[in-house]
Amino acid sequence: MTKARAAKKLAQAAAFGGGGLGLIGATLYGVLTAEARYAKHVIGPMKAHPAKGDGLYGRYPGRPITLAMIGDSSAAGYGTSSPDETPGVLLASGLADLAKRPVRLVDVSRTGAKSVDLAGQVDNALLAGPHVAAILIGVNDVKAQVPPSTSVRLLEAAVRRLRAANCEVVVGTCPDLGVVRPIMPPLRQVARSWSQRLAAAQTISVVEAGGRTVSMGSLLSEAFRTNPSMWGPDNFHPSVTGYAAASAALLPSVAAAMGIGPESYIYPEPFRGEAVLPIAEAAVQAARTAGTEVAATEVAGHERGPRGRWAELRHRRRHPEVEVERVEAEGVEEGVGGTADAVPVGK
């Protein structure tokens, strides 16, 4: 079975409630669980739950764009010492700079969250009427031995709910678990292969649900393998530098989802490895290629071809490091209720 067919099979299993591909070996679960316990011991209870950075960012005129940050410790910024170091704040600040409009951050992510927790987080996010949401989820599902098909199905359901509320969605797919230092060969190769399959299945389901994905594992794996500064003190979670790298990977796609920037309008550039492909092939390439975004597209006015939905494979250019400037602090409960209204930014 090809990798594209395997990813498509897992995505279909998620859609129809099947088992999909088998669970990864119990040994890997044991290693990840032990590392998570060690991480909590090293970082300590105070930093295990980062301070939220909810509020308004960017001293620009115009109606604020509302950004929702959803997911687990990778979304919350586990181990950071300041809200300004968390992915949500970095994305909000960067989006404000690109749009030249204020951005209101609603961070509902939570350390330890699993895919089963997405429904509650989406409930909370929708209270603020978000225009765009970034989701990072999945590693805790591995530790909890949640079947991959279940993880993918719950993620797809969350994306569909957000899209039904007129909220754009960008999902950072499963990271490469093979770069976790305490995981040694041959288990490392198993972890990498499993991570890529899950990431590809997530991409298929997210794009079918109307969202777009960014490959996190392949983008960050080389840097995390070779640069110790990317890792936090527990050697399991990213450092402040690592979270900044992940945020920089997501930002161009979050901006493009809102129609911000010139790259929102140009066609894929083959010389940069960009292409229009059937979704399963695009998903597999994205899982192993640095910083790849996958989003739905059309060919000759048709959404689907003989091998399924058409998808664009994009490598969006990075933006300069952002400066954080919070204009106003605000809690989630103060968000505006109802579904997201259209914000005419770059469209």
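This is a predicted model: local features need pLDDT of at least 70, side-chain atom pairs count only at pLDDT 80 or more; totals for chains, interfaces and linings use all residues.
Biologist: Let's begin inside. Which residues have the most contacts in the largest nonpolar core, and how many residues does that core have?

Modeller: The largest nonpolar core has 27 residues, and Ile 65 and Leu 95 are those with the most contacts inside it. Several elements each supply at least two residues of this core: strands E2 (65-71), E3 (103-107) and E4 (132-136), together with helices H5 (87-99) and H11 (240-257).

Biologist: Which residues belong to the second, separate core?

Modeller: That second core has 23 residues, including Ile 70, Val 108, Leu 118 and Ala 133.

Biologist: Back to Leu 95, then. Why is Leu 95 called buried?

Modeller: Its relative accessibility is 0%. Buried means under 20%, so Leu 95 counts as buried. This residue lies in helix H5.

Biologist: What is Leu 95 in contact with, leaving aside its neighbours within four places in sequence?

Modeller: Its partners are Ile 65, Val 103, Val 132, Leu 251, Val 254, Ala 255 and Ile 260. Take Ala 255: along the sequence Leu 95 and Ala 255 are 160 residues apart, yet their C-alpha atoms are 6.3 Å apart in space.

Biologist: What makes H5 mostly covered?

Modeller: Count its residues: eleven of the 13 in H5 are buried. Among them are Pro 87, Gly 88, Val 89, Leu 90, Leu 91 and Ala 99. The buried residues of H5 pack against strand E1 (55-57), E2, helix H4 (73-76), E3, E4 and H11.

Biologist: How do you know that the reach of H5 is close to what is expected?

Modeller: From its first C-alpha to its last, H5 reaches 18 Å, and 18 Å is also what 1.5 Å a residue predicts for its 13 residues. The expected span takes 1.5 Å times one less than the number of residues, so the reach of H5 is close to expectation.

Biologist: And what does helix H8 reach?

Modeller: Helix H8, residues 148-164, has 17 residues and reaches 24 Å, close to the 24 Å expected. Its buried residues include Pro 148, Val 152, Leu 155, Glu 156 and Leu 162.

Biologist: What comes after these helices?

Modeller: H5 is followed by Lys 100, with a positive phi near 55°. Lys 100 is not a glycine, and its place is the loop between H5 and E3. Just after H8, Asn 166 has a positive phi of about 65°.

Biologist: Where is Ala 300, and is Ala 300 buried or exposed?

Modeller: Ala 300 sits in the loop between strand E8 (293-296) and strand E9 (304-305). Its phi is near 55°, again a positive value in a residue other than glycine. Exposed means over 50%, and Ala 300 has 73% relative accessibility, so Ala 300 counts as exposed.

Biologist: What makes Asp 117 and Arg 110 a salt bridge, and why is each called partly exposed?

Modeller: Their side chains meet at 3.2 Å, N to O, and the rule asks for a distance within 4 Å. Asp 117 has a relative accessible area of 23% and Arg 110 has 41%, so both are partly exposed.

Biologist: Which residues are linked with Glu 274 in a network of salt bridges?

Modeller: The network links Glu 274 with Glu 269, Arg 272, Glu 312, Arg 314 and Arg 317. Between Glu 274 and Arg 272, the closest N and O atoms are 3.1 Å apart. Glu 274 counts as buried at 5% relative accessibility, while Arg 272 is partly exposed at 22%.

How values were computed. Residues are numbered from 1 along each chain as its sequence is written. Side-chain values use heavy atoms; hydrogens and water are left out. A nonpolar core is a set of buried Ala, Val, Leu, Ile, Met, Phe, Trp, Tyr and Cys residues joined through side-chain atoms within 4.5 Å. Buried means under 20% relative accessible area, exposed over 50%, partly exposed in between (1.4 Å probe, protein chains only). Helices (H or I, at least four residues) and strands (E, at least two) are DSSP runs, numbered from the N terminus. Contact means heavy atoms within 4.5 Å.
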